[in-house]
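Hi,

Here is the structure I said I would pass on. Have a look at it first, and then read my notes below.

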Amino acid sequence: MADATPILEIENLSISFFTRRREIPAVMDFSCKVMPGEAMGLVGESGCGKSTVALGVMRDLGRNGRITGGSIRFKGREITRMGERELRALRGREIAMIYQEPMASLNPAMRIGAQLAEVPMIHERIGRDEALARARAIIEDVRLPDPDRILQAWPHQLSGGQQQRIVIAMALMSRPSLLILDEPTTALDVTVEAGIVDLVRDLAERQGTSMLFISHNLGLVLDVCDRLCVMYSGEAVETGGVTEVFSDMRHPYTQALFRSIPLPGADKSARPLVAIPGNLPLPHERPPGCNFGPRCDHFVAGRCDAQGIPMLPAGGAPRHHSRCIRVDEIDWNAPPALAATAEPTPPGEVVIEASDLRKYYQTAPGLFGGGTARIVKANEQIDFSARAGETLAIVGESGCGKSTLAKVLMGLEVASAGTVTLNGEQIQALPVERRGAALIASLQMVFQNPFDTLNPSMAVGAQIIRALEIFRIGSSAGDRHDRMLNLLDLVRLPREFAARKPRQLSGGQKQRVGIARAFAGEAKVVVADEPVSALDVSVQAAVTDLLMEIQRKNRTTLLFISHDLGLVRYLGDRVLVMYLGHVVEIGSTDQVFAPPYHPYTEALLSAVPVADPRVNRKRIVLQGDVPSAMTPPPGCPFQTRCRWKPQVPGDLCESVVPELRRVASGHRVKCHLTDAQLATMEPVIEMAG
Amino acid sequence: MLNFLVRRILTMLATALVLTFMVFWLTNLPPNLEKLAKSEGNARMTDAEVTSWLERNGHAQPLLKRYGEWLGVAPGWTSERGGVVSGRCIPRGASPGDSARFCGVLQGYWGQSTVFKAPVSEIIATRLSLTGILMFWVMVLMVPSALLIGVLAGMREGSKLDRVLSTASIATTATPEYVSGVILIAVFSSSMVGLKWFKGTATSAMEGISFENFFLPVLTIALYGMGYIARMTRASMSEVMTAQYIRTARLKGASFGRVVMRHALRNALIAPFTVIMLQFPWLLNGVVIVETLFNFKGFGWTLVQAAGNNDIQLLLGCSVVAVAVVLVTQAISDLGYVLLNPRIRVP
Amino acid sequence: MAELGWPAIFLRLALQFWPVWLALLVVFAVSLRTRRRSGLYGRLFDSPLGMVGFGLVMFWVFTALCADLLLMFDPLGQIAQMKNKVPGTITPDGAVYLLGGDNLGRDVFSRMVMGARRVLAIAPAATVFAFMVGVTLGLPAGYRGGRLDAGLSFIANLVLAFPVILLFYLLVTPEIRATGLPAALAAVLFLFPVLFFTLLWNSRFFTRPAKRNLYVGLTLALGLWAWSGLAFNADPLGVWSMQPNMLNVFVSVVFVNAPTVFRIVRSLVMDIKTRDYVAAAQTRGEGPWYIMLWEILPNARGPLIVDFCLRIGYTTILLGTLGFFGLGVSPESPDWGSTINAGRRLLTIAPHPAIVPALALLSLVLGLNLLADALREQSLKD
């Protein structure tokens, strides 16, 4: 291996973007080597420069981007000095790229067949018919059904998962030697992601393609890659084989990153996550010396900030390097300084309860055809209750109806049937404009997208004060101003932020303001709709912990909606799993994360990548996509994708919706499988050793 | 699709009805009718005479009834005076029994012009065909050049070419027809500057068009619309050029020309198509101004004559045509958008 | 009769505009110094074309403001010997018609300067009113949707389907004035600003009644006072009034522009209302007008400011069109449209009486368009 020519060799690469005012370095002194057949992972938070590296390899940096130093050699040929013609011969033929948004990557006005056939037609000058025949073959390779129909289809007629398979097919059309994948599954649901990841790994192995795999998801990198490179603020900070880096981290950032993600074994009371303090430095405000210095526990003034720090050999394995000047001094195995632990709060009496809640939408007759109105069953028979001080996690993939549930609870929509009881008062039929100030203040919401949750044209303090005014809290303007400052203290934001506009805040800080606003009226129940999913991992931990802390203090009931099972396991007391509008399983966190599972929960658990090499995971890959809520399958909602279906006699699954039945105290499952069959289920996740 | 079409047509008809009613109302206001009476009868009529003239000619009936008659859904008025029955649908000298009960726009009876002393339908037909020729050449000049400018400017946003073309387009949108027309005439046909390349009027173009007598009016109308369409095309094109699928195409190894022609163009032209169609009402403006300025006696000139001389029937006829043109082009623009855009096409 | 050469004409023209140059100098000096702190306005000075546009617009604004200082002759005064004389001709009593005389022997330069005042008195004000109407109706149409939206959109499309010129010929006539229709339209259209500000203050400050009563009270008092004067000419103090033909022109221009503003606002609202901060406002029980006016409208300001600039330009063009057809203006009026119309008849012999106002109008509208384009570009850079 050592003397083979690398497919891709990057040395001391620097890339900058130039604006009218200044040069913004995006990547500095980056080196890495990808050998034939090897999969290299590039990991880091947003803004760390990982995508810029990929675009640099493709030499597609736009008008403002420029490679300012270093070299990129592809099979020994220097890419940085290639002419336009040479580059074109390389792109698509030798190096292909796959990106995040499959829908956006396909030309909406060209049929799939034409888009696929274009690649060999450009590069190999073959005829259209031959190219189409090859396209058809590759569609079969990416395991899409009915290739002839797909060749003729428009991109918008395919589902997200199918689109991403087409993008992969397009990348593989000319059998490239290097495949660059930029967050290829981030926009997809986990169960779909699992299928795509399997496919990529399989095809790359068969064709001997090398991969550069860019992701923020450490678990996914562990699944797919042989080697990885961790990036922080434009620099590679640690690089090495996947197992070495995961088991012997040699950079404080890598270690802090792992400690801030909820792995199996983390627990909100006994072993809370450790957030990385501070924020990612802006590209033009990077500190001298080590970029991670200001946020590092091992920082030594005068050494870490004295000069630029080179990559140093680390750990003892041959190709393991770290950009830490103190790599040989730090005790890497010391346990983390334990963050403040807390006693688990005992749950109080039931605060909010839903019973047989349903929400149906009547869709307007389609604008172009489909004359009749259709009914979309967004929520079907939702039953749950949550107690004071308890966290009920609601899990499900897109389209499962979890956001509709939140809207019904908040009064933005009115339930079609069933009841919602808050503190003994039935609120399912009360739209928000008919709810009193006290009721509204006691039931509040934290929204998903931090960039969208605050009114961009109003100062942060004014927005919190407005919430106080509308909740009729505080006797005078001065009183409300004081309360607003206290709320900023509560979410640990400096008081001078009151006068700032939201665009001057980072994502995590905005989310804190959102939390302060939700708790302005001392809410009894807070619905948090994916509150951290748009944040970087290192910030996620801090915001999650803040939420938990305020919850403990106020004994708030938290309804935590999420698709991230790791996070749910970490902070949920009880978990509710939703699929196509149904509650398919509900129970305490331990019950849901251990067998017996609902077959969907089982598949979901197995699909989630875990960033811990000691965890053994059983692979269960679901076929197909989630059916549309417009045309749900008859019978059990999950029957179209269920691997246990053959074990149920007759056509029970296709015809009858199973009952949500009790399998243990507080644990209920919506499935036709008998207790005996459920008992045969094995755990999906096991810790090795 | 059928559903969509039916609803679109129904809205169109409703719009047409309301609009024609409004025009009818505004042209048949009491002061206008009084003026009509005085110009048709004699200028020194007393108020009582005016009233009786109006009553005699069916103008004293309720507004809705008159509108119905004009449209052809209500029976025409009749009145008897001295044993002679006259009426809306009774031509002078014909007997009431032979005449139709309904005579309105729907029956093809558009009335009689008081200025030109000829049937409105005839006048509009001849004038419209003259304007049709003008519009045809405007389209021939405007659309391809606007699209070309827009695509060239938008394909490399921020380049020198883009800056120059964009500024030029902005300049033409800031130049209404009566400004550009005046400048063009002054530069190209006045004795003062002395270029004398083209003629300052298009009167002779009514007999036969030539480059010399027709280029200036065509250019004048085209310039104003051209900038607008070009800017729309540029915006659409530059947006498409930043789309992810364009990057996909580029990273497939497609050449810049191929990326523009095969991948960007169709997506970029969807929006301008709608804009071009919606330009028609504006073009109508231009036509009126240019025909007045260049003394080309087409539809726009007729409209000005009708409005300026209180020729109610002719003005109504012109309005019907104008409104119809606008509504039809709007419908075509909607339909074209659906057809051009595969995303909303019925599978 | 003696004439000045072109270099002399330009020199005298440049000197004549000295108050305008001075004002421009001050504005540019202050703006350039504070541009890093003044937000979007400051960033305008990063773009050369934006500065040109802003300069052109401010040139005409200051010209309109200082018109009395710039005038060399009475814009209506005729000197018989000066008919159709070329630029630079010296009058019998020794002064100069810098830009020549028109067909009645009036000074083209003075008429151009006075025309700027006419245009800039109407166009921005009419645009403001069109925005008030369009915003007040577009917000609920986009936010509520449903029947309200369908109804309002239908009406807006009705007006838009009218060819503008036809509408002017129908709406701006002495006969119409006799029926009182323009006054009725004015009464409706001029009520919108009062409605807008009342809703604006009430939705924000209903939680603080004292402040609310003050703001709403002031709005109603001032608004209704102006309204009575402008729409009905019934202002007891006689401060607010408008000539009938001016009112007619004004109302027609507002009426033509409002539906387009309505459509723009409506589509902006439909986009912004899906944002989380709107949902957040709903979940804390805010009323619909608060959400529309305080959560949605401020965040739609970028595209609206751009459209505002463009629309002033478009209104200027419309006013010119009206003048060109001699609608709603007295024949004496120095406004640019009428002057172009008067000059076009002799275009081939004496083009300057038409060319001068044509270039003036062109430069003002071009300035507004360049300004709008620069604002759009700079606001996208965020």
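One thing before we start: this is a predicted model.

Strand β19 (residues 525-529) and strand β20 (residues 557-562) of chain A run parallel to each other, joined by five bridges. If you want one bridge to look for, Val526(A) is partnered with Leu558(A) in β20(A).

Now zoom out to the sheet they belong to. In chain A, eight strands make an open sheet with mixed pairing, in the order β18-β19-β20-β15-β21-β22-β25-β24. β18 (443-446) and β24 (660-664) of chain A are the edge strands, each pairing on one side only. On average, neighbouring strands of this sheet are turned by 20 degrees against each other, ignoring direction.

What lies across the sheet?

How many residues does each chain bring to it? Chain A gives 28 residues and chain B gives 25. On the chain A side, α2 (84-90), α3 (102-105) and α4 (112-123) each supply at least two residues, and α4(A) has the largest share, with four. Sorted by class, that side of chain A has 13 nonpolar, eight polar and seven charged residues.

Happy browsing!

Notes. Residues are numbered from 1 along each chain as its sequence is written. Chains are lettered from A and ligands numbered from 1 in the order in which they are written. This is a predicted model: local features need pLDDT of at least 70, side-chain atom pairs count only at pLDDT 80 or more; totals for chains, interfaces and linings use all residues. Two strands pair if DSSP finds at least two bridges between them. Axes are lines fitted to C-alpha atoms, for helices over the stretch in contact, and angles run from 0 to 180 degrees between N-to-C directions. Two residues are in contact if their C-beta atoms, placed from the backbone, lie within 7 Å. Ala, Val, Leu, Ile, Met, Phe, Trp, Tyr, Cys and Pro count as nonpolar, Asp, Glu, Lys and Arg as charged, and the others, Gly among them, as polar.
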